[in-house]
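Subject: Structure handover

Hello,

Here is the structure I promised to pass on. Please open it before you read the notes below.

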Amino acid sequence: KEGFGIQFYQKGDKYEGMWKGDCRHGQGTYWRNEQGKLRREYTGDWFMDKKHGRGTYFYKNGDRYDGYWVEGMP
């Protein structure tokens with residue numbers, strides 16, 4: 001995968017954004033399937049399939065983290 005695209009996963013999750021070498025890379029949003037409804041889980045920067053750079057993580061309880069990520073960790 002290269003450039004912009006949308007990936008639907010077997011469990012119903014979805015990624016919409018940029019790809020490089022079959023990895024999420026660049027700006028993108030990951031949506032989690034919860035009982036048939038898609039809920040935004042993370043939107044922001046990706047690097048080689050990991051959250052990396054500036055992004056926002058949306059927790060199930062309504063809280064959110066908006067800040068910087070390094071190799072998948074806030």
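Is tyrosine 9 buried, partly exposed or exposed? This is a predicted model, and in it the relative accessible area of tyrosine 9 is 29%. Buried needs under 20% and exposed needs over 50%, so tyrosine 9 counts as partly exposed.

Now the aromatic pairs. A pair of aromatic rings is described by the distance of the centres and the angle of the planes. There are 8 aromatic pairs here. One of them joins tyrosine 9 and tyrosine 30: the ring centres are 5.9 Å apart and the planes meet at 45 degrees, so this pair is tilted. Where do the two partners sit? Tyrosine 9 is in the loop between strand S1 (3-8) and S2, while tyrosine 30 is in strand S3 (residues 23-34). The pair therefore ties together parts that are 21 residues apart in sequence.

Next, tyrosine 65 and tryptophan 69. Their ring centres lie 5.5 Å apart, with the planes at 80 degrees, so the pair is edge-to-face. Tyrosine 65 is partly exposed, at 27% relative accessible area. Tryptophan 69 is buried, at 5%. Both belong to a cluster linked by ring pairs.

Which residues form the largest nonpolar core? It has 7: Tyr15, Trp19, Tyr30, Tyr42, Trp46, Tyr57 and Trp69. Strand S2 (14-20) and strand S4 (37-47) are the elements that give two or more residues to this core. Stay with Trp69 for a moment. Leaving out residues up to four places away in sequence, Trp69 touches Tyr42, Lys51, His52, Gly53, Gly55, Thr56, Tyr57 and Pro74.

Two charged residues lie over rings. Lysine 1 is over the face of tryptophan 19, at 4.6 Å from the ring centre. Arginine 54 is over the face of tyrosine 68, at 5.3 Å from the ring centre.

Finally, look at lysine 14. It is found in strand S2. Is lysine 14 buried or exposed? Its relative accessible area is 15%, so lysine 14 is buried. What does lysine 14 touch, leaving out residues up to four places away in sequence? The contacts are Ile6, Gln7, Phe8, Tyr9, Thr29, Tyr30, Trp31 and Leu38. Among them are Tyr9 and Tyr30, the two partners of the tilted pair above.

Best wishes

Key
Residues are numbered from 1 along each chain as its sequence is written. This is a predicted model: local features need pLDDT of at least 70, side-chain atom pairs count only at pLDDT 80 or more; totals for chains, interfaces and linings use all residues. Side-chain values use heavy atoms; hydrogens and water are left out. A nonpolar core is a set of buried Ala, Val, Leu, Ile, Met, Phe, Trp, Tyr and Cys residues joined through side-chain atoms within 4.5 Å. Buried means under 20% relative accessible area, exposed over 50%, partly exposed in between (1.4 Å probe, protein chains only). Helices (H or I, at least four residues) and strands (E, at least two) are DSSP runs, numbered from the N terminus. Contact means heavy atoms within 4.5 Å. Rings of Phe, Tyr and Trp (its six-membered ring) pair if their centres lie within 6.5 Å; planes under 30 degrees apart count as stacked, over 60 as edge-to-face and the rest as tilted. A charge sits over a ring if NZ of Lys or CZ of Arg is within 6 Å of the ring centre and within 35 degrees of the ring normal.
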